[in-house]
Amino acid sequence: MSPVKAAHTRKTRLTHTPPVEIRVAQPITMQRPVLVLNASYEPINICGARRALVLVLKGVARTEEEQGAILHAARVRVPMPSVIRLLEYRRIPHQTRALSRKNILLRDRNTCQYCAIVLNSGELTLDHVQPRSRGGLSTWENLVACCHNCNRRKGNHLLNELTEMKLLREPRPFSLHTSRHIMRMIGHSDPKWRRYLYYES
Ligand SMILES: [Zn+2]
C-alpha cells in the first residue's frame, strides 16, 4: 500500500462513527429515557437511549449509570446507559419556555389548580386568575390549568371574593426548576436516577 493510501485509510478509520453501524438492540432498550447530567452533575435533560449512546460513543459524554442491558454490535459490547454526563460543562441559559396552553398544562401537571382534579388535556381549560375582564393579563403568573366546573364557579370573580376557592400553588414561569420536577416524575421509577435528582436531600 502506498503511504498516501495508508494515510487515507487511517483517516477514514478515525472519522468513522460507530453508532451508524449499530443495528442490534431491542427497540425498547433504545427508546428508554436516559438522564443527561451536565459536567457538574446537575441534571439538565432527558434523551432517548439511542441519542445517549451516540453521545457516549462520540466521546461527548460518559456513562455514569448503566441500564443493565448490553448492546452487542459488530465488535463491541456497549453497556446501555441509564444516566450520562457531559464531559464539557455546557452553560444552560435560564430558559423560559414559550407561553402556551400546552406548557401551562405541563407546568400544572394537568391538575386543576383549584380542586386538584387530574384530567386529560382536552378536559382542562386555562383560567385567568385575575379575569381578563378585570385587567388580568395572559402571563405565566396569571394563567393556570382549570377544570370546567371550577372555571364556571369562578366566573368573573377575583380570588379574594371567593372564600371557597384557593390556588394549589402560586403560578410561576416554566423554569429549570419545573423541568426538574418533570425529570423527577419520569425518573421516579428508576433508582439509578434518584441520587442525581434528589441531591439536595
Ligand atoms: Zn377544578
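How many bridges join β1 to β4, and do they run parallel or antiparallel? Three bridges join them, and the two strands run parallel. Two strands count as paired if DSSP finds at least two bridges between them.

This is a predicted model: local features need pLDDT of at least 70, side-chain atom pairs count only at pLDDT 80 or more, and totals for chains, interfaces and linings use all residues. Residues are numbered from 1 along each chain as its sequence is written.

**Overall layout**

The chain has seven helices and six strands. Helices (H or I, at least four residues) and strands (E, at least two) are DSSP runs, numbered from the N terminus. Along the sequence the pattern reads α-α-β-β-α-β-β-α-β-β-α-α-α. Of the contacts with a separation of 6 or more, 58% link residues 24 or more positions apart. A contact here means two C-beta atoms, placed from the backbone, within 7 Å.

**The sheet**

Four strands form an open sheet in the order β2-β1-β4-β3, with mixed pairing. The edge strands are β2 (43-48) and β3 (61-72), and each pairs on one side only. Neighbouring strands are turned by 35 degrees against each other on average, direction ignored. Axes are lines fitted to C-alpha atoms, for helices over the stretch in contact, and angles run from 0 to 180 degrees between N-to-C directions.

The table lists the pairings.

| β1 and β2 | antiparallel | five | V36 and N45 |

β4 is mostly covered: seven of its 10 residues are buried. A residue is buried if 20 or more other C-beta atoms lie within 10 Å of its own, exposed if 12 or fewer, and partly exposed in between; C-beta atoms are placed from the backbone.

α3 lies across β1, β2, β3 and β4. α3 runs at about 90 degrees to β4.

Which residues touch the most other members of the largest nonpolar core? They are V34, L35, A52, V56, V83 and I84, out of 17 residues in that core. A nonpolar core is a set of buried Ala, Val, Leu, Ile, Met, Phe, Trp, Tyr and Cys residues joined through C-beta atoms within 7 Å. β1 (33-37), α3 (49-57), β4 (77-86) and α7 (191-197) each supply at least two residues of this core. The largest share, five residues, comes from α3. In soluble globular proteins, nonpolar side chains tend to be buried together.

A52 shows how the parts meet. Leaving aside its neighbours within four places in sequence, A52 is in contact with V34, C47, P81 and I84. A second, separate core has 10 residues, including C112, V144, A145 and C150.

**An exposed helix position**

K102 is found in helix α4 (residues 101-107). Is K102 buried or exposed? K102 is exposed, because 10 other C-beta atoms lie within 10 Å. The C-alpha atoms of K102 and A145 are separated by 9.9 Å. Along the chain, K102 and A145 are 43 residues apart.
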